[in-house]
Amino acid sequence: MGLGGFFTSKLDSAIGWARKYSIFQYPFVTACCGMEYMATACSHYDIDRFGAGLPRFSPRQADVLFVVGTISHKMAPVLKRVYDQMTEPKWVVAFGVCTCTGGFYDNYATVQGIDTIIPVDVYIPGCPPRPESVIDGLMKLQDKIAAGAQRY
Amino acid sequence: MTGSDIVAALQQRFGSAIVETHDQHGDHTIVVLREALIEALRHGRDAGALAFDMLCDLTAVDYLKFPGREDGPRFEVVYHLYSIRHNHRLRVKVRVEEDDAVVPTAVPLWPIADWLEREVWDMFGIRFEGHPDLRRLLLYEEFVGHPLRKDYPINRRQPLIGPKI
């Protein structure tokens, strides 16, 4: 590796380190998982420890899209629009089994996993997931961000 | 009036148009012919002794493969009536065949029937003749079929709507 390559890789890892501790999330909350999301965000579990304490309620200011709760077919175009409005680099977390696979809503109204609509980086299963598993998923996302594994 | 008095009064007025009556734990039900439905509902709303001024619910039942009802009319549309003035109730049912699933609308009698009939159209595919704006209520326009019909496959997937990747 030449000297230029050395500096580029060091710069990438510095940017990745900075990004993983400044996650601005957009919570797309549609259902009961939202309660568990709030529990995780509040002081007892405190996702601010991971630099993800400031939700932005505009997709244009957010890095990570938290899809929290069941997505119906009628809601799918809205989710897609919100994803498209986020600026690069961006990541998506599927929060709860409904967003991962449709969960037990194996019926006419529910999208069978949001990865049929938008790309997903981290899946957090559970109905709803415990705050511990949410934090686990968040740390996995941090590893992914630090490694620079985002799509442009 | 008690429930049986209501049923007796309606039977006296509409005679053979009321094809069946029954009661369960004091809740009385009449089954009327489709031709006499609107007249019976209007009488129930306007007659002073009945005064059913509130349509609590309007829904439908699919009796496909229901034990004992295999060869009868497939659908039943159910009207739950309540009188605020007299504090009494009545259920009115009308039976319709699958290949002629049309019922006259009750919107002129109770405006709430507008959305209830749109829901029944959405879920069961029963049309309401004379309805001012019979569109799907809960599902979207691109949806194919009527999901609360018993022959709607539970694992049928609808096409995703909106922009795709």
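Is Asp46(A) buried, partly exposed or exposed? The exercises below work through this and other points.

This is a predicted model, in which local features need pLDDT of at least 70, side-chain atom pairs count only at pLDDT 80 or more, and totals for chains, interfaces and linings use all residues. Residues are numbered from 1 along each chain as its sequence is written, while chains are lettered from A and ligands numbered from 1 in the order in which they are written.

**Exercise 1. Classify Asp46(A) and describe its backbone.**

Step 1. Recall the cut-offs: a residue is buried if 20 or more other C-beta atoms lie within 10 Å of its own, exposed if 12 or fewer, and partly exposed in between, with C-beta atoms placed from the backbone.
Step 2. Asp46(A) has 14 C-beta neighbours inside 10 Å, so it counts as partly exposed.
Step 3. Locate it: Asp46(A) lies in the loop between helix 2 and strand 2 of chain A. Helices (H or I, at least four residues) and strands (E, at least two) are DSSP runs, numbered from the N terminus.
Step 4. Check phi. Most residues other than glycine have a negative phi, and most peptide bonds are trans. Asp46(A) is not a glycine, yet its phi is positive, about 60°.

**Exercise 2. Treat Ala51(B) in the same way.**

Step 1. Ala51(B) sits in the loop between helix 2 (37-46) and strand 3 of chain B.
Step 2. Its phi is positive, about 50°, although Ala51(B) is not a glycine.
Step 3. Ala51(B) counts as partly exposed because it has 17 C-beta neighbours inside 10 Å.

**Exercise 3. Find cis peptide bonds in chain A and place their prolines.**

Step 1. The bond from Glu88(A) to Pro89(A) is cis, with omega near -10°. Pro89(A) belongs to the loop between helix 3 and strand 4 of chain A.
Step 2. Cys127(A) and Pro128(A) are also joined by a cis peptide bond, with omega about -10°. Pro128(A) belongs to the loop between strand 5 and helix 5 of chain A.

**Exercise 4. Describe how helix 1 packs on helix 5 in chain A.**

Step 1. Helix 1 (residues 3-20) and helix 5 of chain A pack at about 155°, with their axes 8 Å apart.
Step 2. Helix 1 and helix 5 of chain A are therefore roughly antiparallel (angles over 145 degrees).
Step 3. List the contacts (C-beta atoms, placed from the backbone, within 7 Å). Gly16(A), Trp17(A), Arg19(A) and Lys20(A) in helix 1 of chain A meet Gln142(A), Ile145(A) and Ala146(A) in helix 5 of chain A.
Step 4. Sort the residues of this contact: three are nonpolar, two polar and two charged. Here Ala, Val, Leu, Ile, Met, Phe, Trp, Tyr, Cys and Pro count as nonpolar, Asp, Glu, Lys and Arg as charged, and the others, Gly among them, as polar.

**Exercise 5. Trace the pairing around strands 4 and 5 of chain B.**

Step 1. Strand 4 (residues 75-83) and strand 5 of chain B run antiparallel and are joined by nine bridges. Val78(B) stands opposite Lys93(B) in strand 5 of chain B.
Step 2. These two strands of chain B form a hairpin with four residues between them, and Asn87(B) in the turn has a positive phi of about 55°.
Step 3. Strand 2 (residues 27-32) and strand 5 (residues 88-96) of chain B run parallel, joined by four bridges. Ile30(B) stands opposite Val92(B) in strand 5 of chain B.
Step 4. Strand 3 (residues 54-62) of chain B pairs with strand 4 of chain B in the antiparallel sense over eight bridges.

Definitions and conventions
Pairing = 2+ DSSP bridges. Axes fitted to C-alpha atoms, helices over the stretch in contact; angles between N-to-C directions. Parallel < 35°, antiparallel > 145°, perpendicular 65-115°, else oblique. Contact = placed C-beta atoms within 7 Å.
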